[in-house]
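Student: Could you take me through one part of this model at close range? I would like to hear about its charged side chains and how they pair up.

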Amino acid sequence: VCLRCKIRCMKMEKEIHELLLAYLQDDISEEEMIRLQGWLDENERHRKLLDELRDKEVLRQEIGAYASFDTSRRWIQLKEEMDKTPRKRRLLLRVWKSVAAVFVAAVAGGLLYWQITDSARPVEEQVLVAQIRPGETQAVLITGKGQQLLLQGLKDTCLDITGNETLKISKDGSLEYSLSALSRMPEWHTLQVPRGGEYKIVLDDGTEIWLNSASELKYPAHFVGNERRVCLVGEAYFQVARNEAAPFIVETRDMDVKVLGTSFNVSAYEDEENSHATLVEGRVEVDDKINGEKVTLTPGEQALLQGKEMVVREVNTKLYSMWRLDRFTFASEDMEGVIRKLSRWYNVNFFFSNSSMKQKRFTGSLPKYSDISQVLKMIEMTTDIKFQVKGNTIIIQ
């Protein structure tokens, strides 16, 4: 079987691309490593490609920051080249080498592009871009009595809330509850994370929650009774401490997610048309409040509420959970959705000069803590979109 057919059968333009990048970034799961190993064992040329990629100095040094943009155009070019009838064996080898060029040229070309465009940008625009900073750890805690505490910059300290009970801020800056069974702390607290922020909280039962930008969580300071209920607006990733006697319930505007102990992501922003719950580990039950329908998810499934319809689908969970680490990951997402995420994280406004640009698609993994200029250039490299900075507004043209 020719190399062209093998590449087609493995859907290399998508799956192998993602597996190789995950391996080179040292961010590959055990299951993904098994799939990659199977592909490597199929053909010696596969191993030679991986060796070549590993030996590229630029790729090895810069892959974490720069190998994160949409290479779909290059994959299309590769497929077109493969579809041509090869006249000589060396043409197949040339096609094979072009696969490696997808990665190396993407990185090296990106570096060259940034050097050129940086020098070409007006100094005034460069200054404006430099003033737009990525998000940081920050939140406001509102107690049951209405007391507001700014949590930004606090680490390895304690907060005196009632005089009898204290809350701990850990060394990594997260808020931790660990109260006595006789706690008299006000029943409900609210944690608000503004645009340009993120925050982690550990509830009294040991449940860990990562809150995304422009999100709000309401929760009991101390759980009692036969259920553990919290209310979410925005987006959060949950690692729920198991307690079969008291199910954990995440309540949102349109749906409730009920679990015993598991890891999942919930997105329910008020400015988004759709809400969704994505299961990473365990088992959850999603209650559609609009239609009164209930569905049970298994790992790798997502309950997507589109308007008045609930749809269950299989997804790549990394697309919906990597935000809590260090990357924004997109798979053929419309530009309007991409921009909303960037707007919340960088606390900056975007304006589409042409509404048709909202439907353009972007695939890639953007470094979350990088300067916004790098992120914008990555998008510019793989689309026909250009960005112009005007004060605290970025114009898409």
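**Salt bridges up close**

Tutor: Gladly! Both glutamate 244 and arginine 242 are exposed, and the two form a salt bridge whose closest N and O atoms are 3.1 Å apart. Keep in mind that this is a predicted model. A search of the whole structure finds 17 salt bridges, so let me show you some others, because a salt bridge here is a Lys or Arg side-chain nitrogen within 4 Å of an Asp or Glu carboxyl oxygen.

Take aspartate 271 and arginine 344, with their closest N and O atoms 3.0 Å apart. This pair links distant parts of the chain: aspartate 271 sits in the loop between β14 and β15, arginine 344 belongs to helix α9 (residues 335-346), and 73 residues separate them. Aspartate 271 has a relative accessible area of 46%, so it is partly exposed. Arginine 344 is buried, because its relative accessible area is 6%.

Helix α9 also holds glutamate 336 and arginine 340, four residues apart, or about one turn of the helix. Their salt bridge has its closest N and O atoms at 3.8 Å. Glutamate 336 is partly exposed because its relative accessibility is 28%; arginine 340, at 22%, therefore counts as partly exposed too.

Terms used
Residues are numbered from 1 along each chain as its sequence is written. This is a predicted model: local features need pLDDT of at least 70, side-chain atom pairs count only at pLDDT 80 or more; totals for chains, interfaces and linings use all residues. Side-chain values use heavy atoms; hydrogens and water are left out. Buried means under 20% relative accessible area, exposed over 50%, partly exposed in between (1.4 Å probe, protein chains only). Helices (H or I, at least four residues) and strands (E, at least two) are DSSP runs, numbered from the N terminus.
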